[in-house]
Amino acid sequence: MRSRATLLTTALLAAALSPIALGAPATAAPAKYVDDFNGDGHPDLLIGDQSATVAGKRNAGAVVVIWGSATGPNPAKRSVITQNSPGIDGVAEANDRFGTKVTSADLNKDGYADIVASSPGELHAGRHGTLTVLWGSRTGLTKGSIYASPGSKAETFGLDSAIGDFNADGQLDIVSVDGDFVWFLRGPFTKAGGRGKATNLDPWDGENIKAELVVAGKVTKDATADFALIGYDVDTNSNRVWFYKGGRNGPAKPWKRTLPATPDLSGSSAVIADFNRDGYGDLAIGVSRSGRGGTVRVLPGTATGPSGRLLALTQNTAGVPGSVEDNDNFGYDVSAADTNGDGYPDLAVGAPTEAIGTSYWADGSITVLRGGSTGLTGRNSRQYDRTTPGLPNVSPDNAWLGASLLLRDFNGDGRAELIATANEGGRLHLLPGTSAGPTGTGSRTLTVPQLGLGARAFMAAELAD
């Protein structure tokens with residue numbers, strides 16, 4: 001799975017669009033896709049908008065679903081869910097930031113994928129931050145259950161979260177970080193708000209690490225999901241990766257790997273994918289504040305976890321379009337999937353503050369790095385920006401194209417489409433996939449005025465088979 005955040009805006013809320021059913025009832029088997037929320041057999045596009053104004057409450061937040069079809073996401077059919085929506089626990093309040101982080105899976109195995117949305121600004125039962133599970137159904141997302149922090153009242157629960165069966169018991173679990181603690185919430189999760197036991201897996205008992213990101217996937221060759229934390233080690237004054245290997249006794253005590261020095265990890269992202277198809281998931285981390293213009297760092301997967309030589313990819317890497325410039329923020333968001341149908345996952349990398357041509361503005365760009373038998377490289381990389389032929393409704397403005405992005409095969413043709421936001425331009429771009437990768441030809445744009453800077457599109461990727 002991929003770790004990141006959200007998108008959208010109050011313009012969608014004004015449309016007063018409600019949850020809808022697009023297909024026949026699902027069976028009792030688990031959902032085929034982790035993002036098919038109404039059981040119609042088509043993946044849906046999941047979006048969070050932590051900056052949405054709801055009933056006059058600024059930054060109350062919202063979750064938006066653009067419903068899937070045989071040809072991909074259909075912008076004309078979308079639903080907006082807030083904490084004021086019927087059946088959703090909680091109340092929309094200013095600065096709750098509902099939808100800051102969103103991810104999805106069929107938590108209760110009823111055939112409909114469910115959404116886990118965080119509200120780090122919410123105060124609930126005397127604790128800061130909550131997770132809300134929006135339960136999928138044939139009639140849409142009409143029920144939501146709140147899960148509060150199981151521990152500290154001082155920390156902000158739900159800064160990031162990931163889903164997977166980390167203890168091989170057949171139930172999906174949630175790992176959520178709150179800065180100092182690493183909470184392992186065991187499944188099953190129920191619509192009544194029930195869950196299994198919660199355990200703090202912080203390797204230093206919450207004293208010395210500041211976890212920023214958590215990303216899940218299958219790194220080793222067993223059938224159990226693993227996860228990695230990316231954060232700051234206070235004791236050593238360094239950024240680190242902590243890897244937890246899943247297993248029948250629960251996630252194993254982690255090993256750690258130091259990352260190169262970076263001012264901070266804000267504007268960072270991560271994803272797990274097997275870029276060379278050797279059976280081991282590789283960890284790719286976008287560190288947009290690394291160096292002058294940002295870096296993607298890749299730790300190859302092994303039998304014990306992401307290890308070996310740390311690969312660094314920048315806009316100065318051979319084959320990568322462009323060049324390193326101050327404050328491009330290359331790596332601000334990353335997403336992985338096969339974009340050209342060759343069987344190898346590729347990596348999309350956002351650089352939302354890159355200036356294109358003679359522009360002085362943060363136009364933004366997206367680079368797709370190719371996977372292959374030797375792993376992720378700069379060879380045959382392609383860049384997408386406001387000059388890409390066929391890309392509609394673009395202009396040399398302060399658009400922040402690539403502030404959030406997603407690779408996902410929505411139409412089932414074996415080639416992932418590229419979904420990207422231009423937040424400040426108020427646009428969501430949908431680029432079709434081809435044998436050469438995403439293309440601006442035939443692309444579509446959903447115009448959404450006044451996208452918030454803090455809002456970023458996100459959809460959970462599927463775990464490897």
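In what order do the four strands of the open sheet come, and is their pairing parallel or antiparallel? The views below take up this question and then turn to Arg370. This is a predicted model, in which local features need pLDDT of at least 70 and side-chain atom pairs count only at pLDDT 80 or more, while totals for chains, interfaces and linings use all residues. Residues are numbered from 1 along each chain as its sequence is written, and side-chain values use heavy atoms, with hydrogens and water left out.

**View 1. An open sheet of four strands.** The order is S9-S10-S11-S12, and the pairing is antiparallel. Strands are DSSP runs of E, at least two residues, numbered from the N terminus; two of them pair if DSSP finds at least two bridges between them. At the edges are S9 (160-164) and S12 (198-200), each pairing on one side only. From one strand to the next, the twist averages 20°, with axes fitted to C-alpha atoms and angles running from 0 to 180 degrees between N-to-C directions.

**View 2. Where S11 meets S12.** Strand S11 (residues 182-185) runs antiparallel to S12, joined by three bridges. Look for Phe184, which stands opposite Thr199 in S12.

View 3. Arg370 sits in strand S23 (residues 365-370). With a relative accessible area of 9%, Arg370 is buried (under 20%, using a 1.4 Å probe and protein chains only). Its side chain lies 2.7 Å, by a polar atom, from the backbone oxygen of Ala436. Contacts of Arg370 (heavy atoms within 4.5 Å), leaving aside neighbours within four places in sequence, include Asp346, Asn380 and Gly437.

Notes. Buried < 20%, exposed > 50% of the residue type's maximum accessible area, 1.4 Å probe, protein only. Polar contact = N/O pair within 3.5 Å; in protein donor to acceptor, adjacent residues only side chain to side chain.
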